[in-house]
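Visitor: Hi, I've just opened this one and would like a walk through it. Can we take it piece by piece?

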Amino acid sequence: MRSVRKPKGEGHARRGEILAAAEQIFVAHGYEGATIRKIAEAVGLSSTALYLHFKDKAEILNEICLRAFSMLLERQVAMSEAEPDPEARLRGLMIGYVQFGFENANAYRLAFMTPTILSEDGSEPVSRKVAAELFQKFENGVAAAVEGCVEPDRVRALAQVLWASIHGLVSIIITKPQFGWEDQRTLIETQVDILVRGVTCP
């Protein structure tokens, strides 16, 4: 639905509105199907006015991804600092990841289920750096939990497999919600329990 045009001088708020509208349009129409015109109309702007906030469609998508990665990284850092026990910390990191995906389904689709798009000038999106920091935080959690159980040179592969496993749970549930899933808490706890028991020492 098209928004009523709003007065100038609301740059920060307007930028947030653009991102919120774009998030829905990208999910509904796909990146290729979304246009600057559709996004601009959704927030009551002309296409020309929207370009004052974002240089192109890729920058909008990458800003959505950056926000999602940054929010999740903040949660993961807080979890890591609050939980001293390595195994409990790994459980918390995985549970937090899955919960984030369920709570932010549209942003999750775009950040984790959409290819990274370079801006028209070919510049590297900042979101990639934050995504790398996010995975490193997870890998560190895995390394601490499996120390003495797994050879150090296998930790990165193990972290990638664990990440892919929890990503699979999030992605299938948010894309196939009509399936008769058990309640989310049961699914999360069951999966995380299986994964942690499988990689930590008896």
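Visitor: What should helix α8 span at 1.5 Å a residue, and how far apart are its end C-alpha atoms?

Guide: Helix α8 covers residues 155-175, and its 21 residues should span 30 Å; the end C-alpha atoms are 30 Å apart, which agrees. The expected span is 1.5 Å times one less than the number of residues. Helices (H or I, at least four residues) and strands (E, at least two) are DSSP runs, numbered from the N terminus. Keep in mind that this is a predicted model, where local features need pLDDT of at least 70, side-chain atom pairs count only at pLDDT 80 or more, and totals for chains, interfaces and linings use all residues. Residues are numbered from 1 along each chain as its sequence is written, and side-chain values use heavy atoms, with hydrogens and water left out.

Visitor: Which residues of α8 are buried?

Guide: Val155, Leu158, Ala159, Leu162, Ile166, His167, Leu169, Val170, Ser171, Ile173 and Ile174. Buried means under 20% relative accessible area, exposed over 50%, and partly exposed in between (1.4 Å probe, protein chains only).

Visitor: And what do those buried residues pack against?

Guide: They pack against α5, α6 (105-112), α7 (126-146) and α9. A contact means heavy atoms within 4.5 Å.

Visitor: Let's go to α5, then. How many residues does it have, and how far does it reach?

Guide: Helix α5 has 18 residues and reaches 25 Å from its first C-alpha to its last, close to the 26 Å expected at 1.5 Å a residue. Its buried residues are Arg89, Leu90, Gly92, Leu93, Met94, Gly96, Tyr97, Val98, Phe100, Gly101 and Phe102. They pack against α4 (57-82), α6, α7, α8 and α9.

Visitor: Can you zoom in on Leu90? Why does it count as buried?

Guide: Leu90, which is found in helix α5, counts as buried because its relative accessibility is 0%. Leaving out residues up to four places away in sequence, Leu90 touches Phe138, Gly141, Val142, Ala145, Val196 and Val199.

Visitor: At what angle do the axes of α5 and α9 cross?

Guide: The axes of α5 (residues 86-103) and α9 come within 10 Å and cross at roughly 145°. Those axes are lines fitted to C-alpha atoms, for helices over the stretch in contact, and angles run from 0 to 180 degrees between N-to-C directions.

Visitor: Left-handed or right-handed?

Guide: The crossing of α5 and α9 is right-handed. The rule is that a crossing is left-handed if the near helix is turned anticlockwise from the far one by less than a right angle, and right-handed if clockwise.

Visitor: Which residues make that contact?

Guide: From α5 come Glu87, Leu90, Arg91, Met94, Ile95, Val98, Gln99 and Phe102, and from α9 come Gln184, Ile188, Val192, Asp193, Leu195, Val196, Arg197 and Val199. By type, the residues of the contact of α5 with α9 divide into 10 nonpolar, 2 polar and 4 charged. Here Ala, Val, Leu, Ile, Met, Phe, Trp, Tyr, Cys and Pro count as nonpolar, Asp, Glu, Lys and Arg as charged, and the others, Gly among them, as polar.

Visitor: What about Gln191, buried or exposed?

Guide: Gln191 counts as buried because its relative accessibility is 17%. Gln191 lies in helix α9 (residues 184-199) and touches Ser165, Ile166 and Leu169, not counting residues up to four places away in sequence.

Visitor: And what is Leu187 in contact with?

Guide: Beyond its neighbours within four places in sequence, Leu187 is in contact with Leu169, Ile173, Trp181 and Glu182. Leu187 also sits in helix α9, and the C-alpha atoms of Leu187 and Leu169 are separated by 8.4 Å.

Visitor: Zooming out, how many helices and strands does the chain have?

Guide: The chain has 9 helices and 0 strands. Buried residues make up 41% of its 202 residues.

Visitor: Last one: what pLDDT does the chain average?

Guide: The chain averages 88, and 91% of the residues score at least 70; pLDDT is the predictor's confidence in each residue, from 0 to 100. Over residues 1-5, pLDDT stays under 50.
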